[in-house]
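Open your viewer, keep the selection panel handy, and let's walk through this model one stop at a time.

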Amino acid sequence: MTPDLNPTRIYVDADACPVKDEIYRVAARHGLPVSVVAGQFIRVPQDPLIERIAAGSGMDAADDWIAERAGTGDIVITSDIPLASRCVKAGCEVIAPNGKPFTEQSIGMTLAVRNLMTDLRSSGEVTGGPKSFAPRDRATFLSALDQTIRRIQRQRATPSAQNQS
């Protein structure tokens, strides 16, 4: 059996991510590397599996950094819908900090609603934003991340088992 040369990596769009500590714990439990990407310096735990990336202050610098590197078998944590769309198209598993998965089936409608709400807000029709992060969202996120990791691990193990037959 050959070892997996490209383990699943978790990419975190970190500037406004409320679940970074949870990501670190789940990643450590599964032995997965984490890239914590922000526009500027951000504090992360001293751990060889955790990589801190200061992508720069340019518009969408952190998003571009993630989108250029994340691929099939990787997990991206973001609430940024355009970034989620780019990553889903690249074959990544994408999860919002509230635990909502972004999928090929849902991303088109999610992006359309986001654009509509942006237009309505800019015209003064709507002044509210998304609902605030709740404790239940943290639990939902933890469950979604763990399930996603396990699903990827099963998918990667299945071809290996079939090749040995």
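## Getting your bearings

Among the contacts in the chain with a separation of 6 or more, 50% are between residues 24 or more positions apart; a contact here means heavy atoms within 4.5 Å. You are looking at a predicted model, in which local features need pLDDT of at least 70, side-chain atom pairs count only at pLDDT 80 or more, and totals for chains, interfaces and linings use all residues. Residues are numbered from 1 along each chain as its sequence is written, and side-chain values use heavy atoms, with hydrogens and water left out.

Switch to a cartoon view and colour by secondary structure. The chain has five helices and six strands, arranged along the sequence as β-α-β-β-α-β-α-β-β-α-α. Helices (H or I, at least four residues) and strands (E, at least two) are DSSP runs, numbered from the N terminus. Of the 165 residues, 39% count as buried, where buried means under 20% relative accessible area, exposed over 50%, and partly exposed in between (1.4 Å probe, protein chains only).

## Stop 1

Two strands count as paired if DSSP finds at least two bridges between them.

Now zoom in on strand 1 (10-13). Ile-10 and Val-12 point one way, Tyr-11 and Asp-13 point the other way, and all are buried. Strand 1 pairs with strand 2 in the parallel sense over four bridges, and Tyr-11 stands opposite Ser-35 in strand 2. To get from strand 1 to strand 2, the chain passes through helix 1 in a right-handed β-α-β crossover. Right-handed means that, with the strands pointing away from the viewer, the path from the first strand over the helix to the second runs clockwise.

Strand 1 also runs parallel to strand 4, joined by three bridges; there Val-12 has Ile-77 as its bridge partner. Then move to strand 5 (residues 93-95), which pairs with strand 6 in the antiparallel sense over two bridges. Ile-95 stands opposite Pro-101 in strand 6.

## Stop 1

Which residues of helix 2 (residues 61-69) are buried? Select Ala-61, Ala-62, Asp-63, Trp-65, Ile-66 and Ala-67 to show them.

Step back to Asp-60, in the loop between strand 3 and helix 2. Its phi is near 65 degrees, a positive value in a residue other than glycine. Most residues other than glycine have a negative phi. With 40% relative accessibility, Asp-60 counts as partly exposed.

Next, pick Arg-86 in helix 3, partly exposed at 38% relative accessibility. Leaving aside neighbours within four places in sequence, Arg-86 is in contact with Asp-63, Asp-64 and Ala-67.

## Stop 3

Select helix 1 (residues 20-30), where Lys-20, Glu-22, Ile-23, Tyr-24, Val-26, Ala-27 and His-30 are buried. Gly-31 follows helix 1 with a positive phi, near 70 degrees.

Helix 1 gives the most to the lining of the largest cavity, with three residues. On a 1 Å grid over the protein atoms alone, a cavity is a set of points where a 1.4 Å probe fits but cannot get out, a pocket is an open set with protein on both sides within 12 Å along at least five of seven lines, and lining residues have an atom within 4 Å of a point. Grid points are joined across faces, edges and corners, and a volume is the space filled by probe spheres set on the points.

## Stop 2: a pocket by helix 5

Finish at the second largest pocket, with a volume of about 350 Å³. Of its 20 lining residues, Cys-92, Glu-93, Thr-148, Arg-151 and Ile-152 lie nearest its centre. Helix 5 (135-164), strand 5 and strand 6 each supply at least two residues of this lining, and helix 5 gives the most, with seven.
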